[in-house]
Amino acid sequence: MKEKEFQALAQQKLDGTLSADQEAAFASLIAQNDSRRKQWQRLQNVHTRLQNPPLEEAPALFAANVMAALQARQMQAKLLPSWFNRILPVVVLGVSTAAALPLMIGILLITVVSQQPMLMNAANVLLGDSLIVAQNIIGSLLTMGVAFLGWLLPQPSFLMMLGVTPVLAFVWLRTMRHYSPQLSA
Amino acid sequence: MTPDDLDLVERVTQGDQAAFGELVTKYQTPIYNLTYRMLGNAGEAEEAAQEAFLRAYTRLNSFDRKRAFKTWLFSIASNYCIDLLRKRRLIWLSLDEPIPHHPSLVDAQAGPERSAVQAEKSAAVQEMLGLLPPKDRLMVVLRYWYDYSYDEISETTGASVSAVKSRLHRARHTMANNIKEGNAVALTAMLV
């Protein structure tokens, strides 16, 4: 007899739903087949042990705690309406994009200027120390921005960002040192 | 659904929180027992049972009145437990490892009325359940603790009747093998 058939018969036997013929066939099987008999005895053993299992009582004051939690949630819902939770990610994304956009434009401009010695010299003449200050501010903001982005993302991405941030900061500083006469000096 | 439950559900949907309190009182032990059997930890079980009731409250408008309230509530609680177990699967114990006794199982605060024999039986049964994967465990709990039919288990878990039967057989088989192999050494002695 195949395992599936035995399984079905054993299940019915445990449920007490075997017909007389099936009962006889099952009895004959376990009488003749030693491994099936042992298998059946073990299943029956588990089944018997699971009969009338102990019920774990709910702790005292459970119902009162549920009602208190319900009221707390309702209070919270009044303070923070459901639309708040829906709109919060949009606000966070909007604010971070609004903050990141000028930052990215600034980074782009300074990078382009830094790549061209002529433009860099012109910028140094025009802006002087302000250029260095701008570079440093943008570098710091870039680092913080990347860290913030990492914070918004799930944990593995955050860990990745933590690794990427110092590399970006290093590359940024190297670039600035290379092209900025003041920093190189 | 029993008329009592239907009546209480209707009252809750009309804003009667006391009616919800009655439902909680009525089903607190079955739900707590279910979460306890699934999670094997008194603290987590209490939190999960509480969350199940709160979710039931917030979703009561979507409850199909043709279904049994208890089955619906059980499906919320069991889905929540399976989610929790999925989240902690990284620390899930393998079948080869002995299942640690949770302090709550031998906690003296569980009630002076509970005899030592009952506590031991409860611990032994929990140990047996701990050997099973979450979905198989759920089938066993619904079948043996609540005498659910295969159809009722199917309705509660969303699995087909044949899947329920298959999982139950596999669960019994796993438990039987583990008793045989001595993974639950103390189990036999405790249950006899």
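Analyst: In this predicted model, B:Asp136 touches B:Arg167, B:Arg170 and B:Ala171, leaving aside residues up to four places away in sequence. B:Asp136 itself lies in helix 6 of chain B, which covers residues 134–145. Its relative accessible area is 1%, and because buried means under 20%, B:Asp136 counts as buried.

From there we can turn to the contact between the two chains, to which chain A gives 31 residues and chain B gives 42 residues. The size of an interface is often given as the accessible area lost when the parts come together. For chain A and chain B, this buried area is about 3600 Å², and carbon and sulfur atoms give 62% of that area.

Charged groups also meet here, with three salt bridges counted between chain A and chain B. One of them joins B:Arg143 to A:Asp15, whose closest N and O atoms are 2.8 Å apart. Looking at polar contacts, one finds 14 residue pairs across the interface of chain A and chain B, with both residues of each pair at pLDDT 80 or more.

On the side of chain A that touches chain B, helix 1 (3–15), helix 3 (34–49) and helix 4 (62–79) of chain A each supply at least two residues. Helix 4 of chain A provides the largest share of that side, namely ten residues. Sorted by class, the side of chain A that touches chain B consists of 15 nonpolar, nine polar and seven charged residues.

Definitions and conventions: Residues are numbered from 1 along each chain as its sequence is written. Chains are lettered from A and ligands numbered from 1 in the order in which they are written. This is a predicted model: local features need pLDDT of at least 70, side-chain atom pairs count only at pLDDT 80 or more; totals for chains, interfaces and linings use all residues. Side-chain values use heavy atoms; hydrogens and water are left out. Contact means heavy atoms within 4.5 Å. Buried area is the accessible area (1.4 Å probe) that two parts lose on being put together, summed over both. A salt bridge is a side-chain nitrogen of Lys or Arg within 4 Å of a carboxyl oxygen of Asp or Glu. A polar contact is a pair of N or O atoms within 3.5 Å; within protein, one must be able to donate a hydrogen and the other to accept it, and residues adjacent in sequence count only if both atoms are side-chain atoms. Helices (H or I, at least four residues) and strands (E, at least two) are DSSP runs, numbered from the N terminus. Ala, Val, Leu, Ile, Met, Phe, Trp, Tyr, Cys and Pro count as nonpolar, Asp, Glu, Lys and Arg as charged, and the others, Gly among them, as polar. Buried means under 20% relative accessible area, exposed over 50%, partly exposed in between (1.4 Å probe, protein chains only).
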